[in-house]
Amino acid sequence: MSEGFEELCRVRPIARQGMITLRGDLSAKAVKNAVTGVAGVDMPSRREARHVGERAILWMSPDELAVLVPHEEAAVAAETMRSALAGIHALVADVSDARAHFRLEGDTIREVIAKLAPVDMSPAAMQPGMVRRTRFAQVAAGFWLRDEATAQVFCFRSVADYMSGLLRTAATPGSAVGYF
Amino acid sequence: MLTLQCPHCGVHAEETELTGGGEAHLKRFGPGSDDDAFEGYLFLRENPKGVHFERWRHSYGCGKWFHAARCTVTMEVFGTYTAQTSKPPQDLLDRISEKRPGWRWRDLNEPA
Ligand SMILES: [Zn+2]
């Protein structure tokens, strides 16, 4: 972006984010313990994202969670979860290198996301601490609101360049709609 | 624009986040069935003007299948319900009967 213009929000790729997918019975105590144990974050309920610093647990579906930890901890964390869940019907996969993450920061993140995803971004419908899986333009993506002015977007790494372009275009200086 | 609430994750998903799965509550007739039954399973579908029952998948979301009842004329959505059933729940049928007296779909008729 050229200097002297204000983007609608800051778009920053998160270079190295650890991410572990867990599928299983989310009501099972062993599953809850395995996930909260490595994440150090409370168990989210439906459509919630709980985070403390760079650690988070995202509710992805009725039988799927995503656990975010620092990249260098991901492999060990996945192994810890796997051994905690030995003998239980569950799947743990370290998908750190298969995903790309972006941080959006600014007062107009709702507007930037609303340009790209068919999601009701009104403050009443989409609140901090909520996660949503959807599409951004033509690719599958998910995002969660860390707080009122910070969103984290993730997608398959194979479409990271496309996503980066999308987000920067939606945040182009002078393109504010002023809806929210 | 069609918006359906996914009964699994509660998201109000917009049509482009969903994948249509065709008519609901089909009974499969495979090898060994007679020709008429097999033809019916493969090819014969309702094409209603009004109340219709369909399968949908929340593909750009939680990934789960579910059922939806809607009106093909007005696009009104009567409700969505689990995929783990072979017929619509009674409270949904009652709601449809209130809104569309005399409706009919396959062997699902308005209760007398
Ligand atoms: Zn869903």
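## Ground rules

This is a predicted model, in which local features need pLDDT of at least 70 and side-chain atom pairs count only at pLDDT 80 or more, while totals for chains, interfaces and linings use all residues. Residues are numbered from 1 along each chain as its sequence is written, chains are lettered from A and ligands numbered from 1 in the order in which they are written, and side-chain values use heavy atoms, with hydrogens and water left out.

## Two domains in chain A

Let's start with the layout of chain A. Domain 1 covers 5–14 + 98–170 and domain 2 covers 17–97, with bounds that come from an automatic or database domain assignment. Taken over C-alpha atoms, the centres of the two domains lie 22 Å apart. Their contact (heavy atoms within 4.5 Å) takes 14 residues from domain 1 and 18 residues from domain 2. Together the two domains bury about 1,400 Å², 55% of it on carbon and sulfur atoms; buried area is the accessible area (1.4 Å probe) that two parts lose on being put together, summed over both. On the domain 1 side, A:Val131, A:Arg133 and A:Trp144 lose the most area to domain 2, together 35% of what that side buries.

Polar and charged pairs also link the domains. There are 3 salt bridges between them, a salt bridge being a side-chain nitrogen of Lys or Arg within 4 Å of a carboxyl oxygen of Asp or Glu. The count of residue pairs in polar contact, both at pLDDT 80 or more, is 9. Here a polar contact is a pair of N or O atoms within 3.5 Å; within protein, one must be able to donate a hydrogen and the other to accept it, and residues adjacent in sequence count only if both atoms are side-chain atoms. Strands β7 (99–105), β8 (131–136), β9 (139–147) and β10 (150–156) of chain A each supply at least two residues of the domain 1 side, and β7(A) gives the most, with 3 residues. Strands (E, at least two residues) and helices (H or I, at least four) are DSSP runs, numbered from the N terminus.

## Where chain A meets chain B

Across this interface, 16 residues of chain A are in contact with 13 residues of chain B. The buried area is about 1,100 Å², of which carbon and sulfur atoms give 50%. The rule finds 2 salt bridges here; A:Arg132 forms a salt bridge with B:Glu17, the closest N and O atoms being 2.7 Å apart.

There are also 8 residue pairs in polar contact across the interface, both at pLDDT 80 or more. From chain A, β4 (55–61), β8 and β9 each supply at least two residues, and β8(A) has the largest share, 4 residues.

## An enclosed helix

Helix α3 (residues 109–116) of chain A has 6 of its 8 residues buried, so it is largely enclosed by the rest of the structure. Buried means under 20% relative accessible area, exposed over 50%, and partly exposed in between (1.4 Å probe, protein chains only). The buried residues are A:Ile109, A:Arg110, A:Glu111, A:Val112, A:Ile113 and A:Leu116. Their cover includes β7, β8, β9, β10 and α4 (160–170) of chain A.

## A:Arg47 in its loop

A:Arg47 sits in the loop between α1 (29–39) and β3 (49–52) of chain A, and it is partly exposed, with a relative accessible area of 24%. Not counting residues up to four places away in sequence, A:Arg47 touches A:Trp59, A:Gly129, A:Met130, A:Val131, B:Cys9, B:Gly10 and B:Val11.
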